[in-house]
Structures are given as structure tokens and as C-alpha cells.
Amino acid sequence: MAEKKFNGKLWVIATPIGNLGDFPPRAVEVLRESDSVYCEDTRVSGKLLKHYGIEKPLKVLNARREERTIGNVIEELKQGRAISLLCDAGTPAISDPGVRLVNECLKYGFEVSGVPGPNAAVYALSIAGIATDSFVFEGFLPQKKGRTKKLNELCNEKRTVVFYESVYRIPKLLTELENICPGRFVAVGRELTKKFEEIVRGYPAELKEYFSGSKQKGEFVIILAPLNWKT
Ligand code: SAM
């Protein structure tokens, strides 16, 4: 166990996934009290802070810079500062930067806490009407190497599977699912918490047909129902 030598503290703060209203009062309070705020993109987090009337200079910690920036955060924590970590959307460290920073902070013995909130995968599961007693979260699938192998594995997984897919690969993914597991029931969450939010459920061929044309746009969460799921 790391011995506590400093009183700096890291706050991991979940952010809205589309609706700026999904940001609890405690998150606002913690940000106001923070000495430094690190985020992925200062334009995205700047908009959130402005919405809540919070004025703080923003520093960048993104996937490319996480390793380099950790040292700066640790130095600030050693000075006893309160640091907040934000990501562009949802919960930091979940398919977003933060894991290595949190690990380092805990190794140094700094206190780590947070303000829980939106997460696209969990929110999609909560409105998909598909078994959630046990599920597998896969983050993003490989884009090229290992993709087919991974998809085959997931299509053989008995439990509910949830993962993220980029808007650019939705037609390709639905074609892949149609080929690999045409009988697997699937739910697609699109533009969650936003104006055009939808959860569409069906078999891969039906979803491929539905998500052609303008419905291809936006952000997506994919849920594979458990094998042999009956609606
Ligand atoms: N940290 C985030 C979380 O807690 O959900 C995940 C960030 S990951 C880099 C971004 C992916 O999450 C998107 O490509 C999409 O698959 C999913 N996502 C984020 N916001 C979404 C939304 N409003 N609707 C649907 N999917 C969303």
C-alpha cells in the first residue's frame, strides 16, 4: 500500500455524452474548487465550463500526451493542489485517457476520487431492454488487424456484449455481423441523450437496411443480446 505523503487530490469527473444538462451540481462544485483542470480538448471542455459559468484555465491531457503529462500532474499534486480530470464525453478512463494517470496517482499515494455520471455503454444498456445481469464491455473493436477474429469471438460470447463503433464503420460492422452472426439480436444506440436519440433493435440485416442513408450519422453504441435471446 502506498503511504500518503502529500495532500494533493485527483478528481475524475464524468461529463455529458451529448446533453449539457447531464452534469451534476457536485461536478460543478468540484471544478470550481479545483486548482487545475486537465481535459482532452480545451474547446469541448471550454464549452461545458462556460455553460456552468466556471472560469478555469484548461490544460491538455489526451491519449497522445497522457504519458508526458502525468509528470506535470504529479508535480502539481505534490504541491497539494486539487486536480480535476475531464474527457470530451462520458467517464474519463473508460475508452478515454485516465487509466495511467489514476494508476500513477494511486502508486504515489495521492487520494483519487471523482464525480460519477454519464457513460455511453451503460446508458445504452439501461434503455435497450436486453439482459444486463452479466455483460462484456469491449470498448472499440480493432479497426483492421484482428478485427474478424475479435468479431467471431464476440459473436460466440454467451453474455450480452456492448461496444463502441465509429460512425465511419457502422455499415461495415452491420455487414460483418450479418455474415458472422445473422441470428444474433442486436440493439444500436445512436446519438444518445441528444435531440435525435434512438435505440433500434433487430437482426443485423434489418439494422443494416435501417442505418443506411442519413441514419448513418452520429455516435453509436452496439449491443449484442445474449446468445439465444428471445424478446
Ligand atoms: N468515455 C466515454 C464514455 O464513458 O462513454 C466513451 C468515449 S469513446 C472515445 C467515444 C465513443 O463513445 C463514441 O465513438 C461512441 O461509440 C460512444 N458514444 C459517446 N457518446 C455517445 C452518444 N451520445 N451516443 C452514442 N454513443 C456515444
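A polar side-chain atom of tyrosine 164 lies 2.7 Å from an oxygen atom of the ligand, a polar contact being a pair of N or O atoms within 3.5 Å. Threonine 91 places a backbone N or O atom 2.8 Å from a ligand oxygen atom, while a side-chain N or O atom of glutamate 219 is 3.5 Å from a nitrogen atom of the ligand. The ligand alone exposes 570 Å², of which the protein buries 91%, with accessible areas taken from the Shrake-Rupley method with a 1.4 Å probe.

This is a predicted model, in which local features need pLDDT of at least 70 and side-chain atom pairs pLDDT 80 or more, whereas totals for chains, interfaces and linings use all residues. Residues are numbered from 1 along each chain as its sequence is written, and side-chain values use heavy atoms, without hydrogens and water.

Around the ligand stand 18 residues, of which Ile17, Ile94, Asn119, Tyr164 and Phe220 come nearest; a residue counts as near if one of its heavy atoms lies within 4 Å. Strand E7 (160–165) and strand E10 (220–224) each supply at least two residues of this shell, strands being DSSP runs of at least two residues, numbered from the N terminus.

Note on methods:
A polar contact is a pair of N or O atoms within 3.5 Å; within protein, one must be able to donate a hydrogen and the other to accept it, and residues adjacent in sequence count only if both atoms are side-chain atoms. Helices (H or I, at least four residues) and strands (E, at least two) are DSSP runs, numbered from the N terminus.
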